[in-house]
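Reader: I have a protein model open on my screen and would like to learn how to read it. Could you take me through it step by step?

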Amino acid sequence: MYAVIRRYEGVTDPAEAGRLVDEGFVPILRRVPGFVAYYWVDAGGGVMVSTSVFEDRAGADESVVKAADFVRENLASLLPAPPQVTAGEVVAAG
């Protein structure tokens, strides 16, 4: 498995960002080949973190492109700063 973690800071409206991600982005992500799981977390203080898990790197790489497109087209005013992106192979899971 392969995971991508995105950390967004300076989120202006976490509730609205969560709604838009849930209603708009999650359905897109579920169609990416190899999709396993996705989580969008409100960490407080204007910080939100997403975790995407895929069967392989190809799906994870595609998710990065789709996330960037979705943010640019739908969330730019709510997520003013580019995310910190960390990706890698899952080496342990529970």
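Author: We will go from the overall fold to the strands, the core and the aromatic rings.

Author: A word on the ground rules before we start. This is a predicted model, where local features need pLDDT of at least 70 and side-chain atom pairs count only at pLDDT 80 or more, while totals for chains, interfaces and linings use all residues. Residues are numbered from 1 along each chain as its sequence is written, and side-chain values use heavy atoms, with hydrogens and water left out.

Reader: How many helices and strands does the protein chain have?

Author: Helices (H or I, at least four residues) and strands (E, at least two) are DSSP runs, numbered from the N terminus. Here the protein chain has 2 helices and 4 strands, and their order along the sequence is β-α-β-β-α-β.

Reader: What radius of gyration does the protein chain have?

Author: The radius of gyration is taken over C-alpha atoms, and the globule rule is 2.2 Å times the number of residues to the power 0.38. For 94 residues, a compact globule would come out near 12 Å, and the protein chain has 13 Å, which agrees. Its C-alpha atoms fill a box of roughly 35 × 25 × 20 Å along the principal axes.

Reader: What share of the contacts joins residues 24 or more positions apart?

Author: Contact means heavy atoms within 4.5 Å. Among contacts with a separation of 6 or more, 73% are between residues 24 or more positions apart.

Reader: Which strands pair with β1?

Author: Two strands pair if DSSP finds at least two bridges between them. β1 runs antiparallel to β3, with 7 bridges joining them, and 6 bridges join β1 to strand β4 (residues 84-89), also antiparallel. To find these on your screen, look for I5 with its bridge partner T51 in β3, A3 with V53 in β3, and V4 opposite A87 in β4.

Reader: What about β2 and β3?

Author: That pair is antiparallel too, over 8 bridges. Y38 has S52 in β3 as its bridge partner, and V41 has V49. The two strands form a hairpin with 2 residues between them, and G45 in the turn has a positive phi of about 60°.

Reader: Are these strands buried or exposed?

Author: Buried means under 20% relative accessible area, exposed over 50%, and partly exposed in between (1.4 Å probe, protein chains only). In β1, 5 of the 7 residues are buried, so this strand is largely enclosed by the rest of the structure. β3 is mostly covered, with 7 of its 8 residues buried. For the protein chain, 35% of the 94 residues count as buried.

Reader: Which residues touch the most other members of the largest nonpolar core?

Author: In soluble globular proteins, nonpolar side chains tend to be buried together. A nonpolar core is a set of buried Ala, Val, Leu, Ile, Met, Phe, Trp, Tyr and Cys residues joined through side-chain atoms within 4.5 Å. The largest one here has 21 residues, of which V21, F25, Y38, W40, L75 and L79 touch the most other members. At least two residues of this core come from each of β1 (2-8), α1 (14-30), β2 (35-44), β3 (47-54) and α2 (57-75). As an example, V21 touches V26, Y38, W40, F70 and L75, not counting residues up to four places away in sequence.

Reader: How many aromatic pairs are there?

Author: Rings of Phe, Tyr and Trp (its six-membered ring) pair if their centres lie within 6.5 Å; planes under 30 degrees apart count as stacked, over 60 as edge-to-face and the rest as tilted. By this rule there are 4 aromatic pairs. The ring centres of Y8 and W40 are 5.5 Å apart and their planes are at 50°, so this pair is tilted. Y8 lies in strand β1 and W40 in strand β2, so the pair ties together parts that are 32 residues apart in sequence. F35 and F54 form an edge-to-face pair, with 5.9 Å centre to centre and 75° between the planes. At 22% relative accessibility, F35 counts as partly exposed, whereas F54, at 0%, counts as buried.

Reader: Which residues form the aromatic cluster?

Author: F25, Y38 and F70 form one aromatic cluster.
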